[in-house]
Amino acid sequence: MSWQFIICFYFLIIAGNAASLLLYAAPMLTFTRVIKKGNTEEFSSIPYVIALFNCLLYTWYGLPVVSNQWENVPVFTINGVGILLEISFIIIYLWYAVPYQKKMTLLMAVPVVVLFILTALISRFILHDHPHRKVLVGSIGLVASMSMYSSPLVAVRQVIRSKSVEYMPFYLSFFSFAASTLWLFYGLLGHDIFLAAPNFIGSPMGILQLVLYFIYRNGSKSQEPLKMDLEKNGVKSHQVTDQKLGL
């Protein structure tokens, strides 16, 4: 193994962990807005629930129970941090969401946690060697990762419909692209298909989001025309409506 390969591999580990940390932390900007406005507006909880599932699986995947000793310790550490962040975001979302949004979030979150527990129990007590454990956890993790990288399609549809990137934050899209690209090369160099394969979708999805962002970044917010109409009318009662709409 050449020193160039070793340097490249460790660069990918450091850069991949940094990009993933920024990706998992990027929604802080969104939730700062949610807390400030006191509601979740049109933001969806789907990306955070799927991201939690992904983090749970790959944290388990990186542990010596599944992987061979500590060969995937970078995977374990960054996804462990991701678990804490995603749980925090989901709690905040549930706190400020309307009843319908709370119900939909819980209907997604509960099965996700149950499925992870079943996966962990089966891999720990039924399968007795690392290769088979990696196949089971990695296969489910593969589906979870593909879902996580595809979940922004909800935001993509909203962007195209409204011609505004209000509900698709730039940093979330950028760090999604960066993290998936770096982990793609990490998985390829480490000959781990379960780490590389999801990012064949994640990287192009990140590019798609960035392209849409630059196309619609100057788009107006969907509520701005309504605000202008109300201001033109000059009726005092409409000021109350503005406040309710958060304008």
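**A glutamate and its surroundings**

Author: Glu71 counts as partly exposed, because its relative accessibility is 38%. Keep in mind that this is a predicted model.

Side chains of opposite charge can pair when their charged atoms come close. Glu71 has such a partner in Lys134, and the closest N and O atoms of this salt bridge are 3.1 Å apart. The two residues belong to distant parts of the chain: Glu71 is in the loop between α3 and α4, Lys134 is in helix α6, and 63 residues separate them. Lys134 counts as buried, because its relative accessibility is 17% and the cut-off for buried is under 20%.

Lys134 also meets the side chain of Asp192 in a salt bridge, at 3.9 Å from N to O. Because Lys134 lies in helix α6 and Asp192 in the loop between α8 and α9, this pair ties together parts that are 58 residues apart in sequence. Asp192 is buried, as its relative accessible area is 10%.

How many salt bridges does the count come to? The count comes to four. One of them joins the side chains of Glu41 and Arg33, at 2.7 Å from N to O.

The most comes from α1, with five residues. By class, the lining of the second largest pocket divides into 10 nonpolar residues, one polar and one charged.

The largest pocket has a volume of about 780 Å³. Its lining has 35 residues, and those nearest its centre are Ser44, Ser45, Ile46, Pro47 and Val154. Among the helices that each supply at least two residues of this lining are α1 (3–25), α4 (73–96), α6 (130–150) and α8 (170–189). By class, the lining of the largest pocket holds 21 nonpolar, 10 polar and four charged residues.

The largest cavity has a volume of about 220 Å³. Asn54, Tyr58, Asn79, Tyr149 and Trp183 are the closest to its centre, out of 17 lining residues. Two or more residues of this lining come from each of α1, α3, α4, α6, α8 and α9 (193–196). What classes of residue does the lining of the largest cavity have? It has 12 nonpolar residues, five polar and no charged ones.

Last comes the surface. A nonpolar patch there has about 880 Å² of accessible area together, and its residues include Leu106, Val110, Leu121, Ile122 and Phe125. Ile122 lies in helix α5, which covers residues 99–125. Ile122 counts as partly exposed, because its relative accessibility is 35%.

How values were computed. Residues numbered from 1 in each chain as written. Predicted model: local features only at pLDDT ≥ 70, side-chain atom pairs only at ≥ 80, totals over all residues. Heavy atoms only, no water. Patch = residues over 30% accessible without salt bridge, like charges linked within 9 Å, V, L, I, M, F, W, Y side chains within 5 Å. Areas by Shrake-Rupley, 256 points an atom, 1.4 Å probe, with all protein chains shown as cover. Helix = DSSP H or I, 4+ residues; strand = E, 2+ residues; numbered from the N terminus. Buried < 20%, exposed > 50% of the residue type's maximum accessible area, 1.4 Å probe, protein only. 1 Å grid on protein atoms, 1.4 Å probe; cavity = no way out; pocket = protein on both sides within 12 Å on 5 of 7 lines; lining within 4 Å. Points joined across faces, edges and corners; volume = space filled by probe spheres on them. Nonpolar A, V, L, I, M, F, W, Y, C, P; charged D, E, K, R; others polar.
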